[in-house]
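Thanks for making time this morning. I would like to take you through the salt bridges in one structure, going pair by pair.

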Amino acid sequence: MNKIYEEYKIINVNEIEGARVPVKDRRIKDAIIRAENNIIRYGFKSPFEVEKKGNKYRITAGRIHFIAAKNMGYEEVPCLVRNRAKEAIFFKLLKKYRLYV
């Protein structure tokens with residue numbers, strides 16, 4: 001599925017919601033530690049995906065790395081703002097005119 005993004009921007013971590021995971025689970029704790037190590041080694045390989053929800057953003061991809069970045073003290077992170085409304089219109093047009101990507 002193709003994704004449509006509104007913009008790329010640096011967003012304050014306090015404006016991003018939806019990154020709650022059960023940190024009591026050992027596997028998730030290990031994944032967060034690995035993500036922290038990856039951020040230390042390589043930085044952010046790709047921006048986080050978010051959707052605009054009112055005056056905040058909701059994370060749609062990269063939750064574990066986002067939690068790791070927040071734990072490490074990052075105040076801002078790179079994000080791609082996704083537009084699902086435009087995606088829906090785009091795919092309706094593709095279906096209607098039998099175009100395939």
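Predicted model: local features only at pLDDT ≥ 70, side-chain atom pairs only at ≥ 80, totals over all residues.

Counting across the structure gives 4 salt bridges, and I will talk about three of them, starting with the pair made by Glu49 and Lys3, where the closest N and O atoms are 3.0 Å apart. This pair connects distant parts of the chain, since Glu49 sits in strand β3, residues 48–53, while Lys3 belongs to the segment before β1, and the two are 46 residues apart. How exposed are these two partners, Glu49 and Lys3? Glu49 has a relative accessible area of 10% and is therefore buried, being under the 20% cut-off, whereas Lys3, at 38%, counts as partly exposed.

Glu49 has another partner, namely Arg82, with 3.5 Å between the closest N and O atoms. Here too distant parts of the chain are linked, with Arg82 in strand β5, residues 76–82, and Glu49 in strand β3, 33 residues apart. Both Arg82 and Glu49 are buried. Taken together, Lys3, Glu49 and Arg82 form a network of salt bridges.

Let me turn, lastly, to a pair within a helix. Asp30 and Arg26 form a salt bridge at 3.4 Å, N to O, and both residues lie in helix α1, residues 26–42, where they are 4 residues apart, or about one turn of the helix. Asp30 is partly exposed, with a relative accessible area of 27%, while Arg26 reaches 54% and so counts as exposed, because the cut-off for that class is over 50%.

Technical notes
Residues numbered from 1 in each chain as written. Heavy atoms only, no water. Salt bridge = Lys/Arg side-chain N within 4 Å of Asp/Glu carboxyl O. Buried < 20%, exposed > 50% of the residue type's maximum accessible area, 1.4 Å probe, protein only.
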